[in-house]
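Let's walk through this one together, chain by chain, and then look at where the chains meet. Keep the viewer open as you read.

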Amino acid sequence: MSNLKKILTRIGLVAVIIFFAFPFVWLVSSSVKTVAETLSIPPTLVPENFQWNNFVSAWNSGPFLQFLINSILVTFGVLVLQVITVVPAAYAFARYEFTGKKILWAITLITLMIPLQLIFLPVFLQLSSWGILDSLWGLILPFASGAFGIFMLRQTFMQVPNEILDAARLDKASELKIVWKIMMPLSKPTIITMLLFTFISRWNDYFWPLVMTTTENARTLPVGVAMLRTSETGVDWNIVMAANVILVIPILIVYFFAQKRIIQAFTYTGVK
Amino acid sequence: MAGIKIKNVSKTYQNTNERVPKRIHIFKKKIKENTRNVQVIDKINLDIKDGSFTVLVGPSGCGKSTMLRMIAGLEDITEGEVWVGDKLVNHMSPGDRNISMVFQNYALYPTMTVRQNIEFSLENIKVPKVERDRMVKDVAETVGLMEYLDTKPGKLSGGQRQRVALARAIVKRPDVYIFDEPLSNLDAKLRAEMRTELIQMHEKLKTTFIYVTHDQVEAMSMADEIVLMNRGEIMQIGSPVDIYNDPKNIFVAQFMGTPSMNVMPIGELINRLEPHFQHVSYFGFRPEKGILLGRSILHSYEIEIASKILTREILGAETIYKIENKYGVQNIKTTETHYSLGEEVNLCLSLDSLYYFDHDEQRVYADKTVLEAGIS
């Protein structure tokens with residue numbers, strides 16, 4: 001019975017893996033096909049001739065270097081600003097009692113529940129009045145802080161035993177030092193996870209750069225890749241897919257290195 | 001080195017802004033019943049002598065840890081004054097009070113090595129690196145941690161972690177050491193060892209030690225002076241011997257000693273007290289003062305009560321019997337092991353081993369002459 005259960009579980013797991021992995025495999029496979037093969041019926045999973053050249057064509061079909069630089073600047077700009085804003089906010093919410101704390105906390109959580117599409121117009125008008133539309137700042141500033149990060153980090157900070165902070169205060173450590181030398185090292189997995197999520201969402205973001213940018217000066221990779229589809233000569237799916245592969249590679253690399261930390265962050269049970 | 005003076009100190013938690021710590025559960029009820037404010041320390045006056053080993057002891061929730069935290073500056077003082085030496089410290093931050101604290105859970109910084117843990121405070125007061133290294137080395141040698149300096153606390157045993165905590169406290173050369181139940185997390189054997197080490201450490205450092213515990217054995221064995229607390233008030237202050245032999249009320253009498261003092265309503269024993277002692281409501285005796293004798297044995301004890309053995313616990317050197325008689329159930333500690341369950345015996349007491357209390361549970365002093373001789 002237990003063996004049968006095991007086998008069924010395995011089959012179920014494999015089915016789930018196929019379900020989630022297939023689109024990705026299809027993407028990679030299509031990126032090295034010829035145009036004709038991408039549309040052939042029946043479809044092929046393994047291409048007949050690997051068209052490595054697709055990547056070069058994709059790269060050369062627009063100012064991709066500029067897009068890449070913009071993506072990197074925007075993503076890292078957001079990451080740096082998030083650390084600067086999220087860590088102190090989470091520390092304050094976790095460790096201080098102050099007037100209006102509950103209301104501020106509620107507001108922070110509410111921002112998690114409001115979709116971007118609902119508020120993009122007022123934000124757009126605001127940024128427009130500041131004159132930073134179609135600039136990298138317009139892509140960075142709206143994401144300079146994040147409720148999700150504050151929420152996650154607050155939970156982790158709350159798990160640090162009070163005595164450790166008491167001990168640090170008796171050791172004459174300043175609050176900044178407590179955050180920097182005690183809280184942050186203890187919350188490393190959470191901070192890394194938070195940054196990783198931010199990285200993925202910023203790197204892949206299509207909507208915001210699409211709304212905020214009008215020229216190549218500030219466009220990021222996802223918008224650039226999407227533009228390939230609207231070329232007048234018809235859609236070269238193999239090139240679009242090749243560009244997508246280029247887009248996704250950095251995320252895979254980062255995930256590969258941070259994998260252990262992410263698992264830690266979700267199984268973290270406190271400091272012993 | 002410095003003594004500590006506590007003058008009229010109260011602590012009230014305003015339910016609105018300050019959260020009442022979980023440990024103060026006894027008082028939590030008050031919030032719901034009448035007021036939103038919770039008073040956990042009620043106008044306490046206490047003088048802790050310079051260089052003394054003072055133990056604050058009491059049941060959980062009695063306010064002893066709150067007292068300690070107020071001295072350390074980790075808790076605001078609602079009312080009154082705390083003096084460390086000749087400094088009024090009410091508004092001084094914890095780091096400026098020159099106090100070291102050792103916590104029950106060690107409270108080591110988990111991401112730092114033992115060395116970094118010890119030198120963290122020195123770093124914060126900007127002691128030069130060379131000096132720091134020397135101080136860390138000295139103190140690590142004292143507590144026997146030299147080989148673990150580059151280990152992280154997670155890899156150490158409970159006893160070793162407590163040593164790191166001690167080293168961290170010592171290296172600051174504070175005026176006052178504060179210990180908040182530091183031995184509770186250790187096993188019995190290690191606890192006994194550490195107790196001795198702490199006494200020796202006090203001998204050597206000759207600095208003021210304030211030690212909080214709920215364990216009366218720790219209090220008795222380590223203290224120069226015991227401060228026994230209950231429900232936010234001091235019940236009695238005195239040397240261990242004083243507190244044990246001369247308790248001022250039933251709470252103190254029953255808190256100190258294992259098993260605790262047998263206290264019973266005075267019953268017909270009152271007929272033997274002089275008229276001006278008629279307000280006595282309870283009498284008590286220490287379990288080791290009760291003598292069990294066979295029914296038929298002749299003797300000359302002033303009080304003799306027919307009793308029955310209920311249970312017997314043989315602890316090795318001594319045996320604890322639970323007996324029942326017309327006054328209720330009592331514990332008797334003796335070296336005799338031969339009485340069996342259900343056996344009829346006489347509980348024999350001499351009058352000078354008795355303690356008397358009034359109906360407010362306060363001690364009434366009566367000497368032998370006020371009691372008529374005779375056998376009940």
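Start with chain A, where 30% of the 272 residues count as buried. Before going further, bear in mind that what you're looking at is a predicted model. The C-alpha trace of chain A spans about 70 × 70 × 30 Å along its principal axes.

Residues 103–124 of chain A are 91% helix and 0% strand, with their end C-alpha atoms 26 Å apart. Residues 136–157 of chain A come out at 73% helix and 0% strand, and there the end C-alpha atoms lie 32 Å apart.

Now over to chain B, which is divided into domain 1 (4–253) and domain 2 (263–370). Taken over C-alpha atoms, the centres of these two domains of chain B are separated by 38 Å. They do touch: the contact takes 6 residues from domain 1 of chain B and 8 residues from domain 2 of chain B. On the domain 1 side of that contact in chain B, the residues divide into 4 nonpolar, 1 polar and 1 charged.

Inside chain B, look for an open sheet of 4 strands, in the order S2-S1-S4-S5, with antiparallel pairing. Its edge strands are S2 (37–48) and S5 (87–88) of chain B, each of which pairs on one side only. In general, the strands of a sheet pair through backbone hydrogen bonds, either parallel or antiparallel. Strand S1 (residues 4–14) of chain B pairs with S2(B) in the antiparallel sense over 8 bridges.

Next, pick out helix H5 (residues 158–170) of chain B. Its 13 residues reach 18 Å from the first C-alpha to the last, close to the 18 Å expected at 1.5 Å a residue. Is this helix, H5(B), mostly covered or mostly open? Mostly covered: 10 of the 13 residues of H5(B) are buried, among them B:Arg161, B:Arg163 and B:Arg168 as well as B:Val164, B:Leu166 and B:Ile170. An α-helix has 3.6 residues a turn, so residues three or four places apart point the same way. What do the buried residues of H5(B) pack against? The partners are strand S6 (99–102), helix H3 (114–124), helix H4 (129–143), strand S7 (176–180) and helix H6 (188–205) of chain B.

That brings us to the place where the two chains meet. Here 16 residues of chain A are in contact with 21 residues of chain B. On the chain A side, the elements that give two or more residues are helix H9 (162–170) and helix H10 (175–186) of chain A. H9(A) provides the largest share of that side, 6 residues. By class, the side of chain A that touches chain B has 9 nonpolar, no polar and 7 charged residues.

To finish, zoom in on B:Asn105, in the loop between S6 and H3 of chain B. Leaving out residues up to four places away in sequence, B:Asn105 touches A:Pro161, A:Glu163 and B:Asn185. Why does B:Asn105 count as partly exposed? Because it has 19 C-beta neighbours inside 10 Å, and a residue is buried if 20 or more lie within that distance. B:Asn105 and B:Leu183 are 78 residues apart in sequence, yet 9.1 Å apart in space, C-alpha to C-alpha.

Note on methods. Residues are numbered from 1 along each chain as its sequence is written. Chains are lettered from A and ligands numbered from 1 in the order in which they are written. This is a predicted model: local features need pLDDT of at least 70, side-chain atom pairs count only at pLDDT 80 or more; totals for chains, interfaces and linings use all residues. Domain bounds come from an automatic or database domain assignment. Two residues are in contact if their C-beta atoms, placed from the backbone, lie within 7 Å. Ala, Val, Leu, Ile, Met, Phe, Trp, Tyr, Cys and Pro count as nonpolar, Asp, Glu, Lys and Arg as charged, and the others, Gly among them, as polar. Two strands pair if DSSP finds at least two bridges between them. A residue is buried if 20 or more other C-beta atoms lie within 10 Å of its own, exposed if 12 or fewer, and partly exposed in between; C-beta atoms are placed from the backbone. The expected span of a helix is 1.5 Å times one less than its number of residues.
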